[in-house]
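Welcome! Please take a look at the sequence and the model below, and then we can walk through some of the details together.

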Amino acid sequence: MHGAYKVPGGKLVVVDLEVRDGALADVRVAGDFFLEPDEAILAIDRALEGAPVDLDASGLAARIDAALPPGTELFGLTTEGIGVAVRRAVAHATDWTDYDWQLIHEPPRSPALHMALDEVLTAEVAAGRRPPTLRVWEWGAPAVVIGSFQSLRNEVDPEAAERHGIQVVRRISGGGAMFIEPGNTITYSLSVPGALVQGLSFVDSYAYLDDWVVGALGAMGVTAWYQPLNDIATEAGKIAGAAQKRVATGAGAVLHHVTMAYDIDADKMTEVLRIGREKLSDKGTTSAKKRVDPLRRQTGLPREAVIERMIASFRDRYGLSEGRVTEEESARAKDLAATKFSTREWTARVP
């Protein structure tokens, strides 16, 4: 069995192993990390040998921690990351480069249609009818997108939204409300096979699926990192929020979508969103305007250039061919936008 895991902000860990009588055997850990002293790598292998096959990543890390020689130093590597690589090997997880990725970057769509496309395309990936897909959104109208389980009345001021011509839609994933203005927002979706995140905890899957964009931002001079559970942050503040939805049908798939603030009208945002004091204090700030630090200021680049560089970074890492929404997918999405995502029943399902 073979498993690989890139430690967020660190290096690649690769594990090869066998399973015999419910325990790990012939374990070999490798990768492009740094480790001192040299013999520590043998201690890691020995610590994993004989471990129960169902032991979680934390339990595996504890075995390694107990076996490491005094003074061991790990660079670009964590014992938890080794544990994750082991879990991915046992779960027969796939890697990014095992797939032929497709890019969809099409003209602006309505907010409701974007919600529907996420559901349709991810279902197609789960069914094996569509390759793993990176879809970059272009917004046809300003919007507030609320999470699947949020209360509509608690999150949005309806009079302010109407006054500013802002549509309110509910997505299929959890998480918080996103304030969208077409020229000020960068949004993308990853629709990926479930096998890509096998062996990862829910939290680890966020960091794993965000790692490429953190690297892309770094190449643009923005030092960013994954901040649990679902933010991408810099020293200046949050710049993006992610959300996920798991699809259990077919072979399974994961929808992972991210909204990034390229620029923001903070006054308008705070009029439309009911951002409570508890949420602000949890983020360590007293002002909603300080919670998000836009990419325009941090990169100095036009929005289109930021998107182009993000796409180029993904392509350089994993390969990416041009694609499109098929006619059948488009028809299903339009029907779903009309019958679900544009209806009061869905939008106010949690009043």
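What follows is a short tour of cavities, a helix, salt bridges, a strand and some backbone details.

## Before we start

This is a predicted model: local features need pLDDT of at least 70, side-chain atom pairs count only at pLDDT 80 or more, and totals for chains, interfaces and linings use all residues. Residues are numbered from 1 along each chain as its sequence is written, and side-chain values use heavy atoms, with hydrogens and water left out.

Helices (DSSP runs of H or I, at least four residues) and strands (runs of E, at least two) are numbered from the N terminus.

## Two cavities

Let us begin with empty space inside the protein. Rolling a probe the size of a water molecule over the atoms shows where such space is left. A cavity here is a set of points, on a 1 Å grid over the protein atoms alone, where a 1.4 Å probe fits but cannot get out, and its lining residues have an atom within 4 Å of a point. Grid points are joined across faces, edges and corners, and a volume is the space filled by probe spheres set on the points. The structure has 2 cavities of 30 Å³ or more.

The largest cavity has a volume of about 40 Å³. Its lining includes Ile104, His114, Trp137 and Val325, and the elements giving two or more residues to this lining are α4 (111–126) and β7 (133–136). By class, the lining has 6 nonpolar, 1 polar and 4 charged residues; Ala, Val, Leu, Ile, Met, Phe, Trp, Tyr, Cys and Pro count as nonpolar, Asp, Glu, Lys and Arg as charged, and the others, Gly among them, as polar. The second largest cavity, at about 30 Å³, is lined by Leu134, Val136, Tyr188, Trp212, Ile307, Met310 and Ile311. Here the lining has 7 nonpolar, no polar and no charged residues, and α11 (303–318) gives the largest share, 3 residues.

## Helix α1 and its cover

Which residues of helix α1 (residues 40–48) are buried? They are Ala40, Ala43, Ile44, Asp45, Ala47 and Leu48, where buried means under 20% relative accessible area, exposed over 50% and partly exposed in between (1.4 Å probe, protein chains only). The cover over these buried residues includes β3 (23–31), β4 (34–36), α2 (57–67) and α3 (79–90), with contact meaning heavy atoms within 4.5 Å. Just after α1, glycine 50 takes a positive phi of about 85°.

## Salt bridges across the chain

A salt bridge is a side-chain nitrogen of Lys or Arg within 4 Å of a carboxyl oxygen of Asp or Glu, and the count by this rule is 16. One of them joins lysine 340 and glutamate 119 (2.9 Å, N to O). Lysine 340 is in helix α12 (residues 327–341) and glutamate 119 in helix α4, so this pair ties together parts that are 221 residues apart in sequence.

Arginine 317 and aspartate 211 form another, with their closest N and O atoms 3.1 Å apart. Because arginine 317 lies in helix α11 and aspartate 211 in helix α7 (residues 202–219), the pair ties together parts 106 residues apart in sequence. Arginine 317 is partly exposed at 31% relative accessible area, while aspartate 211 is buried at 9%. Salt bridges link Lys6, Asp211 and Arg317 in a network.

Two strands pair if DSSP finds at least two bridges between them. β8 pairs with strand β9 (residues 167–170) in the parallel sense over 4 bridges, and 3 bridges join β8 to strand β10 (residues 178–180), running antiparallel. Alanine 143 has glutamine 167 as its bridge partner in β9 and stands opposite isoleucine 180 in β10.

## Backbone details

Most residues other than glycine have a negative phi, and most peptide bonds are trans. The bond from glutamate 36 to proline 37 is cis, with omega near -5°; proline 37 lies in the loop between β4 and α1. Another cis bond joins proline 228 and leucine 229, with omega about 0°.

Aspartate 26 has a positive phi, near 50°, and is found in strand β3. Histidine 92 has a positive phi near 60° and is exposed, at 55% relative accessible area.

Notes
1 Å grid on protein atoms, 1.4 Å probe; cavity = no way out; pocket = protein on both sides within 12 Å on 5 of 7 lines; lining within 4 Å.
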